[in-house]
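Work through the exercises below with the sequence and the structure at hand. Try each task before reading its solution.

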Amino acid sequence: MKVYNTMTRKKEELKPMNKNRIKMFVCGPTVYDESHIGHGRTYIAFDVIARYLKYKGYSVFYLENITDIDDKIIKRASELGVEPLELAKKYESLYFKDMELLGVTNVNYYARAMEHLTEIINQIQTLLDKGFAYETSTGVYFDESKLEDFGKLSNRNIDDLNIHRVNPDTTKRNPGDFALWKKRDDEPAWDSPWGKGRPGWHIEDTAITETYFGGQFDIHGGGLDLIFPHHEAEIAQMESATGKKPMVKYWMHTGFLNVKGEKMSKSLGNFITIGELLKEYDPQVFRYFVLSTHYRSPIDFSNEALMQSQNSLKRIHKVMETVDELLESDILDENKNDGKYLKLLEDTKKELLDAMDNDFNTPIALSALFNLVRDINKGINEEKISKNVFKEIKNLLDEFGDILGLTFSVESVKSNSDELVNILIDVREELRKKKDYKLSDEIRNRLRDAGINLEDK
């Protein structure tokens, strides 16, 4: 099984540090706003990576941080007139809801920065004691000049990294020195050996990972945009504090998500939250769309691409529905064509596993599944297939549905749809009690468009 390592710029054989146990950390959200579809892309990708590693027999501890102390949170809270921690809790809850809807369910533990202040302060003190950090009137900073290999992940030297930097803080020794602790008089602020203040962004991740994993672990994930400065800073902090190298064995990064060829941003008016997306599309459609592109490649979001993903899922659901119907019929338990189709299933499974073993290549895996769907459809129309073969087809689709976090089983899809309809009916009844007939009628009309007719008592 091979994994692409951003540090070495090549695929490497996966060899965990401790037998079959894998420690994986992925940078989590800063909870000052709703999560967007770029977040969804990254966390779906790493959810599938965790799923497949477990499928292969590895014991995976998947850790993610929640940044609930940050200047962005404080600024947004001030604009809204609420407490920063109250704002962070609100958007953290929305993030968890979004992830659950998208099927991102394999994170073992979410570690909040706020709950690890002691560990953050201890790691800063260690860096000071070892001479890698210094204190000024404005805070505590990491001295990047102490490291000869700073910039090794982004493959750039310090001079190249600093050439475009602005250095408004004249108390720093070097332009690229980054804050470990920021001294602040304004609230919220916390006590520390260097006065009241708040931690820097980078230090929370290494304090958290050292707490749960020690100084070294197997996989560190995140978006491509985090390589510099965030992940470079993490390496500098952890390896300097613990004296152990490498901090991480395999660095894994997801590619950028663009919207119709442009970078997603609020200023361009193409910023899409997960909540907004799921008002229009089933979560499974977006998940399928994400997995149709390799996690390291850029992905271009559009309604056309989502519709294509929706149609692809429908084709798989249709095959599963046909298989279920035929399993209930009086077809033979054995057939002369069994060998042919069992060989097809065996070959398909090998293609699927080979694709996933090759740096989690989900688009190739989905392509193999579609070739199977095509061949099964052809076989159903042209010749007899036995009940035994249909059972194996269903098992294979369910097995890989679990790995990809996609629901191919028609019963599950119908069950989820029925539950949603019941929720809408209950909501509509409450609206009628409150005499909000305009909205209740809108729900009734939309349900009717979907083929569900309601009769009011």
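This is a predicted model: local features need pLDDT of at least 70, side-chain atom pairs count only at pLDDT 80 or more; totals for chains, interfaces and linings use all residues.

Residues are numbered from 1 along each chain as its sequence is written, and side-chain values use heavy atoms, with hydrogens and water left out.

**Exercise 1.** Describe how helices α1 and α9 are placed relative to each other.

Solution. Step one: the axes of α1 (residues 37-55) and α9 (residues 283-291) come within 10 Å and cross at roughly 75°. Step two: angles of 65 to 115 degrees count as roughly perpendicular, and α1 and α9 are therefore roughly perpendicular to each other. Step three: the contact (heavy atoms within 4.5 Å) includes Ile44 and Val48 of α1 and Phe286 and Val290 of α9.

**Exercise 2.** Find the strands that are joined to β8 by bridges.

Solution. Step one: four bridges join β7 (residues 139-142) to β8, and the two run antiparallel. Tyr141 has Ala179 in β8 as its bridge partner. Step two: β8 and β9 (residues 197-199) also run antiparallel, joined by three bridges. Lys182 is partnered by Arg198 in β9.

**Exercise 3.** Which residues have the most contacts inside the largest nonpolar core?

Solution. Step one: a nonpolar core is a set of buried (under 20% relative accessible area, 1.4 Å probe, protein chains only) Ala, Val, Leu, Ile, Met, Phe, Trp, Tyr and Cys residues joined through side-chain atoms within 4.5 Å. Step two: in the largest core, of 85 residues, they are Leu53, Phe286, Phe301 and Phe360. Step three: α1 gives the most to this core, with 10 residues.

Definitions and conventions
Axes are lines fitted to C-alpha atoms, for helices over the stretch in contact, and angles run from 0 to 180 degrees between N-to-C directions. Angles under 35 degrees count as roughly parallel, over 145 as roughly antiparallel, 65 to 115 as roughly perpendicular and the rest as oblique. Two strands pair if DSSP finds at least two bridges between them. Buried means under 20% relative accessible area, exposed over 50%, partly exposed in between (1.4 Å probe, protein chains only).
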